[in-house]
Amino acid sequence: MTLDDLRVFVAVCRAGSLSAVARELGCTQSAVSQHVKRLEKETRVSLLERQPRGVVPTAAGRILWDAASDGLAGLDLALRRLGDLVDGESGAVRVTTGGTTVRHFMADAIVEFRRRHPRVSLEFRTETSSRRCFDALLSSNLDLAWITIGEPVRGIEQRPAVELPWVLAVREDDPLAEREHVRVADLADLRLVRLPSNSTSGEQLDVALAGSGLRAGSGTSVADWDTALLLAELGLGHAVIPELPGLRGPGAGAAAGAGGPLRLVPVPELPPLQVGWAVRRWDALPPQARVFADTVVRALTA
């Protein structure tokens, strides 16, 4: 068996589809199938079971999947570290995160890191959710993922960095704008601009609201917090969002960067949202990536 065989097999187990992996790799489904068949010939057992909507690993396949995932992750990290030894202070830190994260959480840290390590490049890969960040982290040579902290994920270590209280973004002419805070019960009659329920932050918000006996109405769903703010500014609804770093401007609680008259009213009954780093293994993280991760946390907590 070859490393390519194992990489393709792990990708198929994770995706549950031969055709999806073929599209990702830019090859035919038959080529993907050949990788799996070589492994089955070598191990003398069936590794995949076909189902109406794709494939799943057999009992033997799950054993190989677990071992191959750990082995390939360790090998990829070792190769990266060898490259760092060759390059010295050069190299790259590869990060995956959501589309608005860099501006809200990393801007100051990026400036400081580039000033201290000018020969190390920073590469960012945008994903639409924490779950997709996990998949990208497991299936590629990325170093770090900035995510919403959630349930444990196999093969991933999560490390909280900061807690974000929830706020209600309203226009200044809204009756709620003069409140010092709002209660969860006050949200019952509002049409909320919300993140998708399949996002980690959206899911945690839904759970918190449900725990208070509330199922808030939703006028529209957006992919990121900045878009939620924009729609609230345009008067298309109220937005319940985490209070992102740098969101408050210098005057009267206005939402910085929103381009309009918004107020951020705390919702203290909602438990804060935890965000932070995810990696495959902290003890095997390349030195430059560890420095960048620490720089981001230090800038946020300063």
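The protein chain carries 35 positive and 37 negative side chains, and the centres of the two sets lie 6 Å apart. Here Lys and Arg count as positive and Asp and Glu as negative, with His and the chain ends not counted; each charge is placed at NZ of Lys, CZ of Arg, CG of Asp or CD of Glu. Keep in mind that this is a predicted model, where local features need pLDDT of at least 70, side-chain atom pairs count only at pLDDT 80 or more, and totals for chains, interfaces and linings use all residues. Residues are numbered from 1 along each chain as its sequence is written, and side-chain values use heavy atoms, leaving out hydrogens and water.

**The chain as a whole**

- The protein chain has nine helices and twelve strands, taken as DSSP runs (helices H or I, at least four residues; strands E, at least two) and numbered from the N terminus.
- Its C-alpha trace spans about 70 × 50 × 30 Å along the principal axes.
- Of the 302 residues, 46% count as buried; buried means under 20% relative accessible area, exposed over 50%, and partly exposed in between (1.4 Å probe, protein chains only).
- The accessible surface comes to about 15,400 Å², and 52% of that belongs to carbon and sulfur atoms; the areas come from the Shrake-Rupley method with a 1.4 Å probe, and for residues only the protein chains shown count as cover.
- Take the contacts (heavy atoms within 4.5 Å) between residues at least 6 apart in sequence: 72% of them join residues at least 24 apart.

**Helix α3**

- Helix α3 (residues 29-43) has 15 residues and should span 21 Å at 1.5 Å a residue, which agrees with its end C-alpha atoms being 21 Å apart; the expected span is 1.5 Å times one less than the number of residues.
- V32, S33, H35, V36 and L39 are the buried residues of α3.
- Those residues cover an arc of only 150 degrees around the axis, so they sit on the same side of α3; the arc is that of the directions from the helix axis to the C-beta atoms.
- On the face turned away from the buried side, α3 carries the exposed residues K41 and E42.

- R44 follows α3 and is found in the loop between α3 and β1 (48-51).
- R44 has a positive phi of about 65 degrees although it isn't a glycine.
- Most residues other than glycine have a negative phi.
- R44 is exposed, because its relative accessible area is 75%.

**L230**

- L230 belongs to helix α8 (residues 225-233).
- With a relative accessible area of 41%, L230 is partly exposed.
- L230 and V193 are 37 residues apart along the chain, and their C-alpha atoms are separated by 9.9 Å.
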